[in-house]
Structures are given as structure tokens and as C-alpha cells.
Number of protein chains: 2
Amino acid sequence: MSKSESDAATCCAPLNGPPMAEDEAVELAAVFKALADPVRLRLLNLIASAAGGEACVCDLTGPFEVSAPTISHHLKVLRQAGLIKGERRGTWVYYRLVPEALTRMSGLLALPVPA
Amino acid sequence: MSKSESDAATCCAPLNGPPMAEDEAVELAAVFKALADPVRLRLLNLIASAAGGEACVCDLTGPFEVSAPTISHHLKVLRQAGLIKGERRGTWVYYRLVPEALTRMSGLLALPVPA
């Protein structure tokens, strides 16, 4: 089991679960901050919906009206938050989601909707 | 069906779904921004886990080492993002989650984890 899988398994308490520790709240808030940008959300959407779940950085700049360095910055923020990972192959870097990280955040916000 | 229920029903596309519109990304990013604060996450946790799913504002200042006006500010941000709603009864305001709003954000981040 990888570290991220282990983290996801041990840290998926929903909001209506036990009291959230202060350091856990700080860590979760940092991930939400990475998600709190429209360009980064659309980048995640592009990566998640790419064929094979993987997108070349060369395909991620076209859809946006911002410069390539700005896209690189946003990808770095997502990578540092643990939401995506990149792999260099030849000239290009290829990005895919880290599903455990997204599942963790999804689980935090998942609540039973009252009937 | 209430407006928020209707919104939740029509807007729960996951990240690996169809292309995210620019205005939808802006709107979702604003909600993530409201979530991107440790005190606000702990407030949501306190409200979600309160008896009956409802917390008196009088019980929400004690657990934090910040002033009551600061807590009020954070509650206002959560309310404006549509994540909680408040109801005044007598002296106090009572807060509860808006489950449809949290379910929408949870659904956005929910991805099948590959085996």
C-alpha cells in the first residue's frame, strides 16, 4: 500500500464525524485552497476526463486564455497539494489525478441527505 | 423540491465528466474558497456533529482561540457560500448545514479509485 493510499484510508472522517484536530484542519484547508481557483478546477477536469486518465501538458495550455507559465504555476499548486502527479516522458510531462487525494476530500464532504 | 435541491440535482457532474464551463468553475471555486480555512472547517465539523445537526452560535465561539466577531465573520462566509443556513430564535442564531451544497461538492470530487 502506497503512502497516499494509507493516508486516504486513515483520514476520511466526514464533517459530521469526531472533532477535527487543528493540524488536520490546517492540512485540509490547504488542499481546498488549491481547489479554490477556476483555472485549476478546469485543469483537473481536463486531466480527469483525458483518454486513459492522463493528459500531456502540451494539451493543457490550449483551452485557456492564460499564458503557459501561468498554467505551469497552477499545475505546480495542484501537484504540491497532492491532487495530481506528473511524469516526464521525453519532451513532455504527463499528468494524472491522485484518486486517493480526491476521494479523501470527497469523503470529508459526503453527508447523508435527510429524506 | 426546493431551489437548492434542484441545483444539486442538476449540477453534480464529477471532475471526470463533461467539460466544465467557465462560469461553473468560477462558482465552484468560490465555494472551495469558503472551505479553504481551518477555522471554517472546524466550524462546519462542530455544526455537522451537533445534536440534531444544529448548533447555537453561543456554542461555537468557546472552542476557538479567536474572538466572537471573527467567528461571526467566518459563519457569514460559510452562509454566503450556501454551505450553512442560520435561523434566529430568541436571543441566538442556530446554524445547520445545507446538505445539498456539501453533497454537490462531494460529488464533484468523487472518482472511482482504480483497483
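## Close-up views of a predicted two-chain model

**View 1. Salt bridges between the chains.** Chain B and chain A are joined by 2 salt bridges. The model is predicted. In one salt bridge, the side chain of Glu22(B) meets that of Arg42(A), with 4.0 Å from N to O. Polar contacts across the interface of chain B and chain A number 9 residue pairs, both residues being at pLDDT 80 or more.

**View 2. The side of chain B that touches chain A.** Three helices of chain B each supply at least two residues to this side: helix 2 (22-35), helix 3 (38-49) and helix 5 (99-109). Helix 2 of chain B gives the most, with 8 residues. By residue class, the side of chain B that touches chain A has 24 nonpolar, 6 polar and 4 charged residues.

**View 3. The extent of the contact.** Chain B contributes 34 residues to the contact, and chain A contributes 34 residues. The size of an interface is often given as the accessible area lost when the parts come together. Between chain B and chain A, the buried area is about 2900 Å². Carbon and sulfur atoms give 74% of that area.

**View 4. The rotation axis that relates the chains.** Chain B is superposed on chain A by a rotation of 180° with 0.0 Å of shift along its axis, and the RMSD is 0.0 Å. This is the relation of a two-fold axis. The same surface serves both copies, as 100% of the contact residues of chain B recur in chain A. Ser106(B) is the residue of chain B that comes closest to the rotation axis, its C-alpha being at 2.1 Å.

**View 5. An aromatic pair.** Over all chains, the structure holds 1 aromatic pair. The partners are Phe32(A) and Phe32(B), and the pair is stacked, with 6.0 Å centre to centre and 25° between the planes. The pair joins two chains, because Phe32(A) lies in helix 2 (residues 22-35) of chain A and Phe32(B) in helix 2 of chain B.

**View 6. The surroundings of Glu54(A).** Glu54(A) is part of strand 1 (residues 54-56) of chain A. Leaving aside residues up to four places away in sequence, Glu54(A) touches Ile47(A), Arg89(A), Tyr94(A), Tyr95(A) and Arg96(A). With Arg89(A), the contact includes a polar one between the two side chains, at 2.8 Å. Tyr94(A) is 40 residues from Glu54(A) in sequence, yet the two are 6.4 Å apart in space, C-alpha to C-alpha.

Conventions: Residues are numbered from 1 along each chain as its sequence is written. Chains are lettered from A and ligands numbered from 1 in the order in which they are written. This is a predicted model: local features need pLDDT of at least 70, side-chain atom pairs count only at pLDDT 80 or more; totals for chains, interfaces and linings use all residues. Side-chain values use heavy atoms; hydrogens and water are left out. Contact means heavy atoms within 4.5 Å. Buried area is the accessible area (1.4 Å probe) that two parts lose on being put together, summed over both. A polar contact is a pair of N or O atoms within 3.5 Å; within protein, one must be able to donate a hydrogen and the other to accept it, and residues adjacent in sequence count only if both atoms are side-chain atoms. Helices (H or I, at least four residues) and strands (E, at least two) are DSSP runs, numbered from the N terminus. Ala, Val, Leu, Ile, Met, Phe, Trp, Tyr, Cys and Pro count as nonpolar, Asp, Glu, Lys and Arg as charged, and the others, Gly among them, as polar. Copies are superposed by least squares on the C-alpha atoms of residues with pLDDT of at least 70 in both. Rings of Phe, Tyr and Trp (its six-membered ring) pair if their centres lie within 6.5 Å; planes under 30 degrees apart count as stacked, over 60 as edge-to-face and the rest as tilted.
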